[in-house]
Amino acid sequence: MTVAARRAVVTEIMTHVGESERWACRLLRAPRSSQRYRSRRAVDVALRGRLHELAEERPRWGYRRLHVLLRREGILINLKRTYRLYREERLMVRKRKRKRVVVVRRPMEAPKRINERWSMDFMSDSFVNGRRYRILNVVDDRSHEGLASEADTSLPAVRVIQILEEIGIERGLPEHIVLDNGPEFRSQALDEWAYRRGVQLDFIEPGKPVQNAFVESFNGKMRDECLNQHWLEDVAEARSVIEAYREDYNEVRPHSSLGQRTPSEFARTAAG
(Lines give C-alpha, C1' and ligand atoms only; values in the text may rest on other atoms or scores of the structure.)
Protein backbone atom coordinates (compact mmCIF):
# COMPACT_ATOMS: atom_id res chain seq x y z
CA MET A 1 0.00 0.00 0.00
CA THR A 2 1.36 3.39 -0.94
CA VAL A 3 1.82 6.16 1.64
CA ALA A 4 -0.99 8.18 0.04
CA ALA A 5 -3.39 5.20 0.13
CA ARG A 6 -2.47 4.40 3.73
CA ARG A 7 -3.10 8.00 4.76
CA ALA A 8 -6.52 7.83 3.09
CA VAL A 9 -7.42 4.65 5.00
CA VAL A 10 -6.33 6.16 8.32
CA THR A 11 -8.45 9.23 7.65
CA GLU A 12 -11.42 6.98 6.76
CA ILE A 13 -11.08 5.06 10.02
CA MET A 14 -10.84 8.26 12.05
CA THR A 15 -13.95 9.66 10.34
CA HIS A 16 -16.26 6.64 10.53
CA VAL A 17 -15.03 4.77 13.58
CA GLY A 18 -14.36 7.84 15.65
CA GLU A 19 -11.03 6.63 16.95
CA SER A 20 -7.84 8.67 17.28
CA GLU A 21 -5.10 8.93 14.70
CA ARG A 22 -2.77 7.04 17.05
CA TRP A 23 -5.26 4.10 17.27
CA ALA A 24 -5.81 4.00 13.50
CA CYS A 25 -2.07 4.01 12.78
CA ARG A 26 -1.48 1.23 15.31
CA LEU A 27 -4.26 -0.84 13.67
CA LEU A 28 -2.62 -0.53 10.25
CA ARG A 29 0.92 -0.75 11.67
CA ALA A 30 1.66 2.56 9.97
CA PRO A 31 4.09 5.14 11.43
CA ARG A 32 2.34 8.32 12.50
CA SER A 33 5.13 10.41 10.92
CA SER A 34 4.03 9.29 7.43
CA GLN A 35 0.44 10.25 8.24
CA ARG A 36 1.42 13.78 9.17
CA TYR A 37 3.97 14.25 6.41
CA ARG A 38 3.16 16.99 3.89
CA SER A 39 5.11 17.25 0.67
CA ARG A 40 7.10 20.42 0.12
CA ARG A 41 7.17 19.87 -3.62
CA ALA A 42 4.37 22.36 -4.32
CA VAL A 43 6.02 24.95 -2.08
CA ASP A 44 9.36 24.39 -3.80
CA VAL A 45 7.81 24.76 -7.26
CA ALA A 46 6.19 28.07 -6.30
CA LEU A 47 9.39 29.28 -4.65
CA ARG A 48 11.53 28.39 -7.65
CA GLY A 49 9.05 30.16 -9.90
CA ARG A 50 9.18 33.34 -7.80
CA LEU A 51 12.98 33.20 -7.68
CA HIS A 52 13.03 32.96 -11.47
CA GLU A 53 10.72 35.97 -11.76
CA LEU A 54 12.90 38.09 -9.49
CA ALA A 55 16.08 37.01 -11.29
CA GLU A 56 14.55 37.94 -14.65
CA GLU A 57 13.50 41.35 -13.31
CA ARG A 58 17.00 41.95 -11.89
CA PRO A 59 19.46 39.91 -14.00
CA ARG A 60 22.55 41.47 -12.41
CA TRP A 61 21.58 40.70 -8.81
CA GLY A 62 23.11 37.77 -6.98
CA TYR A 63 21.37 35.34 -4.63
CA ARG A 64 21.94 37.45 -1.50
CA ARG A 65 19.93 40.43 -2.77
CA LEU A 66 17.26 38.13 -4.25
CA HIS A 67 17.04 36.46 -0.83
CA VAL A 68 16.33 39.85 0.76
CA LEU A 69 13.46 40.41 -1.70
CA LEU A 70 11.98 36.97 -0.91
CA ARG A 71 12.11 37.72 2.81
CA ARG A 72 10.46 41.11 2.24
CA GLU A 73 7.56 39.27 0.60
CA GLY A 74 7.07 37.27 3.79
CA ILE A 75 8.57 34.02 2.47
CA LEU A 76 10.22 32.13 5.34
CA ILE A 77 13.43 30.84 3.81
CA ASN A 78 17.02 30.83 5.01
CA LEU A 79 19.99 31.99 2.94
CA LYS A 80 21.37 28.48 2.40
CA ARG A 81 18.12 27.26 0.86
CA THR A 82 17.93 30.33 -1.40
CA TYR A 83 21.48 29.65 -2.54
CA ARG A 84 20.71 25.96 -3.21
CA LEU A 85 17.66 26.78 -5.34
CA TYR A 86 19.56 29.61 -7.03
CA ARG A 87 22.32 27.19 -8.04
CA GLU A 88 19.95 24.39 -9.07
CA GLU A 89 18.01 26.78 -11.31
CA ARG A 90 21.26 28.03 -12.88
CA LEU A 91 20.54 31.68 -12.12
CA MET A 92 24.15 32.63 -11.40
CA VAL A 93 25.22 36.06 -12.64
CA ARG A 94 27.76 35.84 -15.42
CA LYS A 95 30.84 37.77 -14.40
CA ARG A 96 32.25 40.16 -16.96
CA LYS A 97 35.98 39.85 -17.52
CA ARG A 98 37.91 42.97 -16.72
CA LYS A 99 41.43 43.96 -17.48
CA ARG A 100 43.51 43.60 -14.34
CA VAL A 101 44.94 46.89 -13.18
CA VAL A 102 47.24 47.13 -10.18
CA VAL A 103 45.85 49.85 -7.94
CA VAL A 104 47.11 50.93 -4.54
CA ARG A 105 43.86 51.39 -2.62
CA ARG A 106 43.58 53.84 0.21
CA PRO A 107 40.48 53.37 2.39
CA MET A 108 38.13 56.34 2.10
CA GLU A 109 36.68 57.30 5.46
CA ALA A 110 32.90 57.52 5.48
CA PRO A 111 31.31 60.66 6.93
CA LYS A 112 29.54 60.44 10.29
CA ARG A 113 26.35 62.27 9.27
CA ILE A 114 23.93 62.30 6.36
CA ASN A 115 24.36 65.38 4.16
CA GLU A 116 27.85 65.95 5.55
CA ARG A 117 29.55 65.01 2.29
CA TRP A 118 28.43 64.37 -1.26
CA SER A 119 30.32 62.93 -4.20
CA MET A 120 29.69 63.62 -7.87
CA ASP A 121 31.04 62.36 -11.14
CA PHE A 122 30.22 62.05 -14.83
CA MET A 123 29.50 58.91 -16.81
CA SER A 124 29.37 58.57 -20.58
CA ASP A 125 27.37 56.26 -22.83
CA SER A 126 25.90 56.21 -26.35
CA PHE A 127 22.46 55.95 -27.94
CA VAL A 128 21.50 53.33 -30.52
CA ASN A 129 22.58 55.71 -33.31
CA GLY A 130 26.05 56.09 -31.79
CA ARG A 131 25.60 59.61 -30.44
CA ARG A 132 27.24 60.12 -27.07
CA TYR A 133 25.55 61.47 -23.97
CA ARG A 134 26.62 62.09 -20.39
CA ILE A 135 25.19 61.45 -16.94
CA LEU A 136 25.95 63.50 -13.83
CA ASN A 137 25.58 61.39 -10.68
CA VAL A 138 25.46 62.91 -7.19
CA VAL A 139 25.61 60.62 -4.13
CA ASP A 140 25.37 61.13 -0.37
CA ASP A 141 28.45 59.37 1.02
CA ARG A 142 26.81 58.44 4.32
CA SER A 143 23.46 57.02 3.21
CA HIS A 144 24.60 56.01 -0.31
CA GLU A 145 21.49 57.69 -1.69
CA GLY A 146 21.59 58.63 -5.35
CA LEU A 147 20.62 62.30 -5.05
CA ALA A 148 20.57 63.05 -8.77
CA SER A 149 21.27 61.30 -12.08
CA GLU A 150 20.96 63.90 -14.84
CA ALA A 151 21.35 62.75 -18.47
CA ASP A 152 21.94 65.00 -21.49
CA THR A 153 24.21 65.45 -24.48
CA SER A 154 25.81 68.45 -22.73
CA LEU A 155 26.14 69.21 -19.02
CA PRO A 156 28.15 72.44 -18.55
CA ALA A 157 29.10 73.95 -15.20
CA VAL A 158 25.97 76.15 -15.10
CA ARG A 159 23.82 73.03 -15.37
CA VAL A 160 25.83 71.30 -12.64
CA ILE A 161 25.18 74.26 -10.32
CA GLN A 162 21.48 74.17 -11.14
CA ILE A 163 21.28 70.46 -10.25
CA LEU A 164 23.10 71.01 -6.93
CA GLU A 165 20.76 73.89 -6.07
CA GLU A 166 17.71 71.72 -6.80
CA ILE A 167 18.99 69.01 -4.44
CA GLY A 168 19.78 71.68 -1.83
CA ILE A 169 16.22 73.01 -1.86
CA GLU A 170 14.95 69.61 -0.75
CA ARG A 171 17.62 68.59 1.78
CA GLY A 172 20.10 71.46 2.20
CA LEU A 173 23.68 71.60 0.92
CA PRO A 174 26.61 69.57 2.30
CA GLU A 175 29.79 70.77 3.95
CA HIS A 176 31.96 69.00 1.36
CA ILE A 177 31.64 67.72 -2.21
CA VAL A 178 34.22 65.23 -3.52
CA LEU A 179 34.85 65.48 -7.27
CA ASP A 180 37.48 64.90 -9.94
CA ASN A 181 39.37 67.42 -12.06
CA GLY A 182 37.02 67.61 -15.06
CA PRO A 183 36.66 71.02 -16.76
CA GLU A 184 33.07 71.48 -15.54
CA PHE A 185 34.20 70.92 -11.95
CA ARG A 186 37.29 73.13 -12.26
CA SER A 187 35.28 76.00 -13.73
CA GLN A 188 35.25 79.46 -12.19
CA ALA A 189 31.45 79.37 -12.05
CA LEU A 190 31.38 76.30 -9.79
CA ASP A 191 34.20 77.67 -7.64
CA GLU A 192 32.35 80.95 -7.08
CA TRP A 193 29.11 79.11 -6.32
CA ALA A 194 30.81 76.88 -3.73
CA TYR A 195 32.44 79.88 -2.03
CA ARG A 196 29.15 81.80 -1.95
CA ARG A 197 27.22 78.79 -0.56
CA GLY A 198 29.86 77.75 1.98
CA VAL A 199 30.59 74.36 0.36
CA GLN A 200 34.15 73.03 0.23
CA LEU A 201 35.14 71.32 -3.02
CA ASP A 202 37.51 68.41 -2.36
CA PHE A 203 39.31 67.51 -5.59
CA ILE A 204 40.84 64.04 -5.88
CA GLU A 205 44.34 63.51 -7.23
CA PRO A 206 44.44 63.21 -11.05
CA GLY A 207 44.13 59.61 -12.25
CA LYS A 208 43.02 58.23 -8.87
CA PRO A 209 39.25 57.53 -9.06
CA VAL A 210 39.47 55.33 -5.95
CA GLN A 211 39.63 58.56 -3.97
CA ASN A 212 36.06 59.16 -5.11
CA ALA A 213 34.96 55.63 -4.23
CA PHE A 214 31.34 56.23 -3.22
CA VAL A 215 30.14 57.72 -6.49
CA GLU A 216 32.41 55.39 -8.49
CA SER A 217 30.63 52.47 -6.83
CA PHE A 218 27.26 53.99 -7.77
CA ASN A 219 28.50 54.48 -11.36
CA GLY A 220 29.57 50.85 -11.59
CA LYS A 221 26.21 49.55 -10.42
CA MET A 222 24.32 51.85 -12.79
CA ARG A 223 26.50 50.67 -15.68
CA ASP A 224 26.05 46.99 -14.85
CA GLU A 225 22.38 46.94 -13.80
CA CYS A 226 20.92 49.68 -15.99
CA LEU A 227 22.92 51.02 -18.95
CA ASN A 228 24.22 47.61 -20.07
CA GLN A 229 20.65 46.24 -19.95
CA HIS A 230 19.07 48.84 -22.27
CA TRP A 231 19.42 50.19 -25.80
CA LEU A 232 18.40 53.84 -25.43
CA GLU A 233 17.29 55.89 -28.41
CA ASP A 234 17.28 59.49 -27.21
CA VAL A 235 17.67 61.85 -24.24
CA ALA A 236 14.01 61.56 -23.20
CA GLU A 237 14.20 57.76 -22.94
CA ALA A 238 17.58 57.93 -21.19
CA ARG A 239 16.21 60.30 -18.56
CA SER A 240 13.17 58.11 -17.94
CA VAL A 241 15.12 54.84 -17.63
CA ILE A 242 17.94 56.32 -15.55
CA GLU A 243 15.60 58.13 -13.16
CA ALA A 244 13.60 54.90 -12.68
CA TYR A 245 16.86 53.10 -11.85
CA ARG A 246 17.86 55.79 -9.34
CA GLU A 247 14.52 55.51 -7.56
CA ASP A 248 14.76 51.71 -7.52
CA TYR A 249 18.34 51.95 -6.20
CA ASN A 250 17.22 54.20 -3.34
CA GLU A 251 13.94 52.49 -2.45
CA VAL A 252 14.36 48.77 -3.31
CA ARG A 253 17.98 47.71 -3.74
CA PRO A 254 19.41 46.27 -0.47
CA HIS A 255 22.99 47.24 0.43
CA SER A 256 25.23 44.94 2.42
CA SER A 257 27.16 47.93 3.81
CA LEU A 258 23.88 49.29 5.21
CA GLY A 259 22.84 46.04 6.87
CA GLN A 260 20.78 44.97 3.82
CA ARG A 261 18.69 48.13 4.12
CA THR A 262 17.97 50.43 1.22
CA PRO A 263 19.59 53.89 1.16
CA SER A 264 16.22 55.56 1.79
CA GLU A 265 15.44 53.21 4.68
CA PHE A 266 18.87 53.87 6.20
CA ALA A 267 18.39 57.64 5.80
CA ARG A 268 15.00 57.51 7.55
CA THR A 269 16.46 55.44 10.40
CA ALA A 270 19.45 57.74 10.82
CA ALA A 271 17.23 60.81 10.74
CA GLY A 272 14.96 59.31 13.38
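Author: Asn-115 is found in the loop between H6 and E1, where helices (H or I, at least four residues) and strands (E, at least two) are DSSP runs numbered from the N terminus. The model is a predicted one, in which local features need a pLDDT of at least 70 and side-chain atom pairs count only at pLDDT 80 or more, while totals for chains, interfaces and linings use all residues. Residues are numbered from 1 along each chain as its sequence is written, and side-chain values use heavy atoms, with hydrogens and water left out.

Asn-115 has a positive phi of about 70° although it is not a glycine. Most residues other than glycine have a negative phi. Asn-115 is also buried, with a relative accessible area of 14%; here buried means under 20% relative accessible area, exposed over 50%, and partly exposed in between, with a 1.4 Å probe and protein chains only. Arg-90 is placed in the loop between helix H6 (79–88) and strand E1 (117–126), and Arg-90 too has a positive phi, of about 55°, without being a glycine. Arg-90, however, counts as exposed, at 70% relative accessibility.

Glu-175 lies in the loop between H7 and E4 and is partly exposed, with a relative accessible area of 38%. Although Glu-175 and Glu-116 are 59 residues apart along the chain, their C-alpha atoms are separated by 5.4 Å. E1 and E4 pair in the parallel sense over 3 bridges, where two strands pair if DSSP finds at least two bridges between them. One of the contacts is that of Arg-117, whose bridge partner in E4 is His-176.

His-176 also stands opposite Gln-200 in E5. Strand E4 (residues 176–179) and strand E5 (residues 200–203) pair in the parallel sense over 4 bridges, and Leu-179 has Phe-203 as its bridge partner in E5. Together with helix H8 (residues 188–197), E4 and E5 make a right-handed β-α-β unit; a crossover is right-handed if, with the strands pointing away from the viewer, the path from the first strand over the helix to the second runs clockwise.

Strand E3 (146–152), helix H7 (157–171) and H10 are the elements that give two or more residues to its lining. The lining of the second largest pocket has 4 nonpolar, 4 polar and 9 charged residues, with Ala, Val, Leu, Ile, Met, Phe, Trp, Tyr, Cys and Pro counted as nonpolar, Asp, Glu, Lys and Arg as charged, and the others, Gly among them, as polar.

Arg-246 also forms a salt bridge (a side-chain nitrogen of Lys or Arg within 4 Å of a carboxyl oxygen of Asp or Glu) with Glu-243, the closest N and O atoms being 2.7 Å apart. Both residues lie in helix H10, 3 residues apart, about one turn of the helix. Glu-243 is partly exposed, at 26% relative accessible area, whereas Arg-246 is buried, at 15%. Arg-58 lies in the loop between helix H4 (41–57) and helix H5 (63–72) and Asp-248 in helix H10 (residues 235–251), so the pair ties together parts that are 190 residues apart in sequence. Both Arg-58 and Asp-248 are buried.
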